[in-house]
Amino acid sequence: MTRIVAVRGALPPHRYPQHEITRMVASSCRLPRDDCALLERVHATSGVTGRHLVLRPDQYAGLDGFGARNDAFLAAALELGREAVQGALDQAGLAASEIDFVVSTSVTGIAAPSLEARLATELGLRPDVKRVPVFGLGCVAGAAGLARLHDYLLGHPEEAALLLSVELCSLTLQRADTSIQNLVAGALFGDGAAAAVAVGPRHPAHADGRTAPAGPRIVATRSHLFPGTQDLLGWSIGDTGFHIVLGADLPDLVRRRLREVVEDFLADHDVKTADVTAWICHPGGPKVLDAVRDALDLPVRALELTWRSLADVGNLSSASVLHILRDTLALRPPLPGTPGLLLAMGPGFCVELVLLRW
């Protein structure tokens, strides 16, 4: 089976408590007094205590137009991506030249050439490395990226693969948009990156002991797209960049439909929800997390690391679930032989499930 041998997160150096970001958003959006009161309530109930931003608060006002935002994205994304990838390679005990397949993902900026192509020579990736840059999966892409690494390594069991996620959500905030959706996004999303390295079951690093202590194996994956839900989550792209699409019915859909998808997937592998010892769940926001817990009838402690990540750094879109996987490995590794479930949700509306075994 595919084995995850390293997971590394990277965060920008600027970190601010939530109340300072609230003031920054209110100032940059020039909100009326009534909207400022609503903004403060939304930020106070977001579950977030602080976030990392790629720019200082005073720098965001100068980003006029999509081009300026995307230029800022490229500069910061390359720096954070480099840090995350090199950290993951070092942790795995592998050189960049030993990576055969790379998936890179972001939904907060556009890069052509893609991020991994711009980093390839500097990092030492081989010229013949196979690359799949992904855009459009949003928050689900961290889980989907691991799943696609697994798909590849099933057919190439002697090889190694890399996943890179970079999400700079602060650069997408729309200053002229006073909709509740934009206010919610401004309360939840932070900036960050993550990288993961996985190897196939016949990769030589298993035999010669060069890799870090063994991480979990990927047993199976499943993707599920809910028909007719494309208007619940995503971007509307205009002259000023990305405008959040966030349907109010999303938590209700999770509460009604998630359980069946998860239980059917687990049952195919003779696992019940009660057997799962690690729930590695993307932190969509308080209402979504409550819906996940209700749908799956989970104990409060099951999503503790997810809630902690949301509080400490906010929602990092596709990078979040990788940060939570890293925290699980470091802070609360399950007993050997027990199953874990990594799950995330994203535009579509869709769910990605990755069954792990320690």
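## Exposure and the model

A residue is called buried when its relative accessible area is under 20%, exposed when that value is over 50%, and partly exposed in between, using a 1.4 Å probe and protein chains only. Aspartate 270 sits in the loop between α8 and β11 (278-281), where helices (H or I, at least four residues) and strands (E, at least two) are DSSP runs numbered from the N terminus. Although aspartate 270 is not a glycine, its phi is positive, at about 55°.

Please keep in mind that this is a predicted model, in which local features need pLDDT of at least 70 and side-chain atom pairs count only at pLDDT 80 or more, while totals for chains, interfaces and linings use all residues. Residues are numbered from 1 along each chain as its sequence is written, and side-chain values use heavy atoms, with hydrogens and water left out.

UniProt, in an unreviewed entry, places the feature "domain: Chalcone/stilbene synthase N-terminal" at residues 66-197; its positions are given in the numbering used here, feature names are shortened, and annotations may be inferred rather than shown by experiment. In the model, residues 66-197 are 45% helix and 20% strand, and the C-alpha atoms at the ends of the span lie 33 Å apart.

For residues 219-357, the unreviewed UniProt entry lists "domain: Chalcone/stilbene synthase C-terminal". Here the chain is 37% helix and 28% strand, with 7 Å between the end C-alpha atoms.

## Helix α3 against α4

Two packed helices are described by the angle between their axes and the distance between the axes. Helix α3 (residues 66-92) and helix α4 (residues 115-123) have axes that come within 10 Å and cross at roughly 55°; axes are lines fitted to C-alpha atoms, for helices over the stretch in contact, and angles run from 0 to 180 degrees between N-to-C directions. α3 and α4 are therefore oblique to each other, given that angles under 35 degrees count as roughly parallel, over 145 as roughly antiparallel, 65 to 115 as roughly perpendicular and the rest as oblique.

The crossing of α3 and α4 is right-handed, a term for the near helix being turned clockwise from the far one by less than a right angle, with anticlockwise being left-handed. Residues of α3 that meet α4 include Phe73, Leu74, Ala77 and Leu78, and their partners in α4 include Leu115, Arg118 and Leu119; contact means heavy atoms within 4.5 Å.

Helix α8 (residues 250-267) and α9 have axes that come within 8 Å and cross at roughly 35°, and α8 passes α9 in a right-handed crossing. Among the residues making this contact are Leu250, Pro251, Val254 and Leu258 of α8, together with Val288, Ala291, Val292 and Ala295 of α9.

The axes of α9 and α10 come within 12 Å and cross at roughly 180°. That makes α9 roughly antiparallel to α10. On the α9 side, Pro286, Leu289 and Asp290 meet Thr306, Trp307 and Leu310 of α10. The loop between α9 (286-296) and α10 (304-313) holds proline 299, which is exposed because its relative accessibility is 54%.

## Aromatic pairs

The whole structure contains five aromatic pairs, where rings of Phe, Tyr and Trp (its six-membered ring) pair if their centres lie within 6.5 Å, and planes under 30 degrees apart count as stacked, over 60 as edge-to-face and the rest as tilted. Phenylalanine 226 and phenylalanine 349 have ring centres 6.0 Å apart and planes at 20°, so this pair is stacked. The pair links distant parts of the chain, 123 residues apart: phenylalanine 226 is in the loop between β8 (217-225) and β9 (233-238), and phenylalanine 349 is in the loop between β12 (339-346) and β13 (350-357).

Elsewhere, ring pairs join Phe66, Phe135, Trp235 and Phe242 into a cluster.

## Backbone details in the loops

Phenylalanine 349 has another point of interest: a cis peptide bond joins glycine 348 to phenylalanine 349, with omega about -10°. The peptide bond from alanine 112 to proline 113 is cis too, with omega near 10°. Proline 113 lies in the loop between β4 and α4, and serine 114 is in the loop between β4 (101-105) and α4. Serine 114 is buried, with a relative accessible area of 10%, and touches Arg131 and Pro133, leaving aside residues up to four places away in sequence.

Serine 317, in the loop between α10 and α11 (320-331), has a positive phi, near 50°, in a residue other than glycine. Serine 317 is buried, with a relative accessible area of 3%.
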